[in-house]
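Please consult the sequence and coordinates below alongside the text.

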Amino acid sequence: MERFHYTMLSDSHRVKAFQKAIMELVAPGDVVLDIGTGTGILALMAARSSAGKVYGVDYRSITPLAREIVKANRCEEIVEIVTGDLRDIDLPEKVDVVMGEVLGSFGIEEDILTLFHFARDHFLKPGGEMIPQRIKLYVAPFRSLRIRRRFKFWDDVYGFDYSPVLNRLRNLVQVEPVSRSNLVAPAECIGDFDLRTCTENDINVVADFRFADPGLIDGFCGWFTAVLAPGVTLDSGPESPDLHWQRTVFPLVPPVKVRGGDHARLRITSTHFGNEVHLNWFVDFSVSKKRIMRKQAAFLAVDPPGKPTHLSLIHI
């Protein structure tokens, strides 16, 4: 737990951007809802910005510690930590501001679309504010010998066949530090969601790419930009400041060899397993006038009774 929260709290670009947005959008006396409050850092910032009341909601076991932190900062009269799933709780009043840092490396994996949609419909006053206000999703094809070798490792593990691991891993997104130099085509914006109005809980988005040079394509990497407030934006892309988010990798295993002029169409969808969001990707390549289709999806990497295998946590 300590490492997880240290990584997020020590990301000064992230924390200061949210702080700036809170100072801009939380007015004195406002009632604020903080979704996924964690240690309560955003709730405390809202209290410091003269909010009248802040409800910090989290379903995880972190909430007793968050209450201690709130008390240590003498904010217990303003900040109330609520334990439970947002969709199962009741608040005694409507709120002026809904906020929350529930952003995965691809923006949507922590279920921000569903959570903000629900909070907006059930808790937000008409004309209320939201932080973030908007998220955009970007993808680009990439080439990486390091990532290719990681997948190749499972073919022969000290003389043993570990292909069952590979068969699962190839259908799960990875989180990797893909840099600009790894990209082999310009990025495309594949999704644009105004959290103040959108009603989607899942995505079904498409992007097209044309390759100028020949070579192997190891997959596609994705990232997000989030508008927290007017003039306050977080960008987790490969050309941005070093944030704790890395790129989400949609691997192609084995990689696909392309020539200059070939093209590909990528479709990304999301699927809910309970309250968890899992990503699926489908690629249609036109390579030397031949069609190559790939389907790699979370629902193909499941163990009975249907729970996705989190092999992305395996370290080698």
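Valine 32 stands opposite valine 97 in β4. The two residues belong to a pairing of strand β1 (residues 31-35) with β4, parallel in sense and made over three bridges; strands count as paired if DSSP finds at least two bridges between them. Strands here are DSSP runs (E, at least two residues) and helices are likewise DSSP runs (H or I, at least four residues), numbered from the N terminus. β4 also pairs with strand β5 (residues 124-131), again in the parallel sense, over four bridges, and methionine 99 has isoleucine 131 in β5 as its bridge partner. Five of the five residues of β4 (residues 95-99) are buried, so the strand is largely enclosed by the rest of the structure. Buried denotes under 20% relative accessible area, exposed over 50%, and partly exposed the range in between (1.4 Å probe, protein chains only).

The model is predicted: local features need pLDDT of at least 70, side-chain atom pairs count only at pLDDT 80 or more, and totals for chains, interfaces and linings use all residues. Residues are numbered from 1 along each chain as its sequence is written, and side-chain values use heavy atoms, with hydrogens and water left out.

Strand β10 (residues 215-229) has 13 of its 15 residues buried, so it too is largely enclosed by the rest of the structure. Its pairings are listed below.

| Partner of β10 | Sense | Bridges | Example pair |
|---|---|---|---|
| β12 (residues 247-258) | antiparallel | seven | leucine 216 and lysine 257 |
| β11 (residues 232-235) | antiparallel | four | alanine 229 and valine 232 |

β10 and β11 form a hairpin with two residues between them, and glycine 231 in the turn has a positive phi of about 80°.

Helix α4 (residues 63-72) has Thr63, Ala66 and Val70 buried. These residues cover an arc of only 50° around the axis, which puts them on the same side of α4; the arc is that of the directions from the helix axis to the C-beta atoms. The face turned away from the buried side carries the exposed residues Glu68, Lys71 and Ala72. Cover for the buried residues includes α3 (41-48), β2 (53-58) and β3 (79-83). Just after α4, arginine 74 adopts a positive phi of about 55°.

The largest nonpolar core has 83 residues, and those with the most contacts inside it are Leu33, Phe106, Ile268 and Phe285. Such a core is a set of buried Ala, Val, Leu, Ile, Met, Phe, Trp, Tyr and Cys residues joined through side-chain atoms within 4.5 Å. A second, separate core of 14 residues includes Phe142, Val157, Val165 and Trp223. Residues up to four places away in sequence aside, phenylalanine 106 touches, among others, Leu137, Trp223, Phe250 and Ile268, a contact being heavy atoms within 4.5 Å.

The secondary structure of the chain comes to seven helices and 17 strands. The radius of gyration is 21 Å, close to the 20 Å that the globule rule gives for 316 residues, so the chain is as compact as a globular protein of that length; the radius is taken over C-alpha atoms, and the rule is 2.2 Å times the number of residues to the power 0.38. Along its principal axes the C-alpha trace spans about 65 × 40 × 30 Å. Of the 316 residues, 51% count as buried.
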